[in-house]
Amino acid sequence: MNREHDFGLKLNILSHKLKKHLNAVLSDLGITGVQSRILHYILVHYSSGAVFQRDIEAVFGLSRSTATGILQLLERDGMIRRESVSTDARLKSLVPTEKAARIDEEVLESITAIERRLVRDISVEEQEIFLSVADRMARNLDN
């Protein structure tokens, strides 16, 4: 395969640059990019029902140990707490704290600014094509 058509390499480079930039911007808030996305997910979905670690694993494609580590850090830093579920004492619901809600607003502002920078000089049509192709590539890897 011609190296300029190495889609995996291009996606990996883009992903690395995005993570590096996001982590640098969010470091002042004491949170990483992946932590911020998980925290936002918990905040959004908690209002409509309990959120569990297995949900985080499934949505973000994380292993149990990786999800455990991220959630332990969020808990240690006072962003979430785990509460027992009345129907099953083994299950712990992930509950966002007031600190999480405060920091989420700042994180969203940072992510919005990064997203704007990321797509600067890229037409809406090109953005839609990229998203469609990226979705298809993900499905191709799932099948």
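This is a predicted model: local features need pLDDT of at least 70, side-chain atom pairs count only at pLDDT 80 or more; totals for chains, interfaces and linings use all residues.
Start with the helix pair. Helix H2, covering residues 33–46, packs against helix H5, residues 98–118, at an angle of about 120°, and their axes lie 10 Å apart. That angle makes H2 oblique to H5. As for handedness, the crossing of H2 past H5 is left-handed. On the H2 side, the contact is built from Ser36, Arg37, Leu39, His40 and Leu43, while H5 brings in Ala100, Ala101, Ile103, Asp104, Val107, Leu108, Ile111 and Glu115. Sorted by class, the residues of this contact come out as 8 nonpolar, 2 polar and 3 charged.

The largest pocket has a volume of about 790 Å³. It is lined by 19 residues, and Leu14, Leu18, Glu115, Leu118 and Phe130 are the closest to its centre. Helices H1 (7–26), H2, H5 and H6 (124–142) each put at least two residues into this lining, with the largest share, 7 residues, coming from H1. In terms of class, the lining of the largest pocket holds 11 nonpolar, 4 polar and 4 charged residues.

The second largest pocket comes in at about 370 Å³. Its lining counts 13 residues, of which Leu11, Phe130, Val133, Ala134 and Met137 sit closest to the centre. Here the elements giving two or more residues are H1 and H6, and H6 gives the most, with 9 residues. The lining of the second largest pocket splits into 10 nonpolar, 1 polar and 2 charged residues.

How values were computed
Residues are numbered from 1 along each chain as its sequence is written. Side-chain values use heavy atoms; hydrogens and water are left out. Axes are lines fitted to C-alpha atoms, for helices over the stretch in contact, and angles run from 0 to 180 degrees between N-to-C directions. Helices (H or I, at least four residues) and strands (E, at least two) are DSSP runs, numbered from the N terminus. Angles under 35 degrees count as roughly parallel, over 145 as roughly antiparallel, 65 to 115 as roughly perpendicular and the rest as oblique. A crossing is left-handed if the near helix is turned anticlockwise from the far one by less than a right angle, and right-handed if clockwise. Contact means heavy atoms within 4.5 Å. Ala, Val, Leu, Ile, Met, Phe, Trp, Tyr, Cys and Pro count as nonpolar, Asp, Glu, Lys and Arg as charged, and the others, Gly among them, as polar. On a 1 Å grid over the protein atoms alone, a cavity is a set of points where a 1.4 Å probe fits but cannot get out, and a pocket is an open set with protein on both sides within 12 Å along at least five of seven lines; lining residues have an atom within 4 Å of a point. Grid points are joined across faces, edges and corners, and a volume is the space filled by probe spheres set on the points.
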